Amino acid sequence: MSFLSIKDIYHVYFTKDSTTTALEDISLTIEEGEFISLLGPSGCGKTTLLSIIAGLLKPTYGEVLIEGKKIEKAKSDIGYMLQQDYLFPWKTIEENILVGLQIMNQETEQTRKKTLDLLEEIGLKGVEKAYPKQLSGGMRQRAALVRTLATNPKILLLDEPFSALDFQTKLKLEDLVSETLKEYQKTAILVTHDIGEAIAMSDRIFLLSKRPGKIAKVFDIPENLRNETPFDARQHPEYSNIFQQIWEELDKLETKPEH
Amino acid sequence: MKQNLNINNLHHLYLQSIKKEKRLVRFYQILIFIVFFGFWEIASRSHWIDPLIFSAPSKVWNLFLDKINDGSLFNNLAVTLFETVLGFIIGTALGVIIAALLWWSERLSNILDPYLVILNAMPKVALGPILIVALGTGYVSIIAMGAIISVIITTIVIYTSFKEVDYNYIKVLQTFGANRKQIFRDVILPSSFPAIISTLKVNVGLSWVGVIVGEFLVSKQGLGYLIIYGFQVFNFTLIFLSLLLIAICATLMYQGVELLERKLIKDSK
């Protein structure tokens, strides 16, 4: 039995004058501790798929199982990180990172301390009482990571969490996230349109085609690349090789005649 | 050249220029005040304007002292202030509550939408006679006037702000499994504080309109009554006195709202 299995997902969006098939026949399984990426052009339904896995959206057809159990509603198994930090501007960093625990009624002296320790570990010591506005983009996204990890989710869903950052901050944060997730042995699904990021961070990459979103191809990242940090992986000789393969595959998808 | 760059000195000059600008603004503000009242006084005394109709600041001041001595002013002022503050609070609170209900149930909001539009378009003070008949000629109907004039527009503005909250903030809480009540308390309401504050500011003015019109109609006591009474006996000094008192009280209420704003919106600094 797989840790997370996604079975025959179809999703259709309805509007008054049209229907759009966002996802078609998506099936995949993920093992515990694995880091996978969903790579594809914008509009391929990546975020829709994440929302379905998170239990925020009910698929038109199909089901998502975590350890064999069907998910109905978002719960503590899943942590979600958005494209931007979306820290609440009226809450301090401390209040922001504890919000998940409060919503789930899990705020105890112990979980509180653990969360604040994590904040320190991630390099944000002494900003507890600051407001998000006073922090840089990278710091805010790190605080958002702490907020996501605070409730101790089994699976992390990362919805292009680095896309709003400048390149240098992005590289640093990739390393930090990758390291943190490995340390806590989290399973993660990253949604991205950045080929390099997908290669550097993941164990497997699912290439999605556009409208309707379908799994076009799966790439296994070689062992020796997986063991590197994202930054070092980018320097690895095999990196450009895979980059080339994925690039060509993406190119084929783009030029594929529309139906 | 670079060696001569004295940052402390420059900063000092910068602070001084700010201070100077501030002093200049304050000077002109006071100047306008003095010129206005001075001109009013002189124009009245030299009969450039009819002193019977336009009174004069000195007459208003004397009447003010008289009315304080016989205690009638304080009574009327207290009544109006009480009605206005209560009308203001009830109108705003009711508006926020109705907006919350509309947010809670989208269907309810769709059903009530045309009625809100009609009620908003209707001049609320026209309801005055009906309110007086229904609620009596006491302060209850005047408070109702003060409240009713602001409740619909509050509902509409606040509901719009509730709906405009960035969905991603809601999503953050939904991923933690938050229910609707938690979402309202932790996202919808706090992110609407700026909108609520700005409606409060508008409502200060509106509830004064409602209450003064209410007092015109009921004509028993209060500053609105003094204005109507002054009009009937052709005592325009009394009208000007009431007007000035209303202006002062309304300004104080507005300042109160600004104080609340600074307390409520912590991240704005």
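Q: Which residues touch the most other members of the largest nonpolar core?
A: A nonpolar core is a set of buried Ala, Val, Leu, Ile, Met, Phe, Trp, Tyr and Cys residues joined through C-beta atoms within 7 Å. A residue is buried if 20 or more other C-beta atoms lie within 10 Å of its own, exposed if 12 or fewer, and partly exposed in between, with C-beta atoms placed from the backbone. In soluble globular proteins, nonpolar side chains tend to be buried together. Here the largest core holds 124 residues, and A:Ile53, A:Leu157 and A:Ile189 touch the most other members. Helix H7 (residues 139-163) of chain B gives the most to this core, with 14 residues.

Q: How far can these values and labels be read?
A: This is a predicted model, in which local features need pLDDT of at least 70 and side-chain atom pairs count only at pLDDT 80 or more, while totals for chains, interfaces and linings use all residues. Residues are numbered from 1 along each chain as its sequence is written, and chains are lettered from A and ligands numbered from 1 in the order in which they are written.

Q: What is A:Leu157 in contact with, leaving aside its neighbours within four places in sequence?
A: Two residues are in contact if their C-beta atoms, placed from the backbone, lie within 7 Å. For A:Leu157 the partners are A:Leu50, A:Ile53, A:Ala54, A:Ile78, A:Gly79, A:Tyr80, A:Met81 and A:Ile189.

Q: How many helices and strands does chain B have?
A: Helices (H or I, at least four residues) and strands (E, at least two) are DSSP runs, numbered from the N terminus. Chain B has 12 helices and 0 strands. Its radius of gyration, taken over C-alpha atoms, is 25 Å, well over the 18 Å that the globule rule gives for 269 residues, so chain B is more spread out than a compact globule. That rule is 2.2 Å times the number of residues to the power 0.38.

Q: Where do the domains of chain B lie?
A: Domain bounds come from an automatic or database domain assignment. Chain B is divided into domain 1 (2-49) and domain 2 (57-268), and 34 Å separate their centres, taken over C-alpha atoms.

Q: How many residues of chain B are in contact with chain A?
A: On chain B there are 15, in contact with 20 residues of chain A. Helix H8 (167-174) and helix H9 (180-191) of chain B are the elements that give two or more residues to this side of chain B. H8(B) gives the most, with 6 residues.
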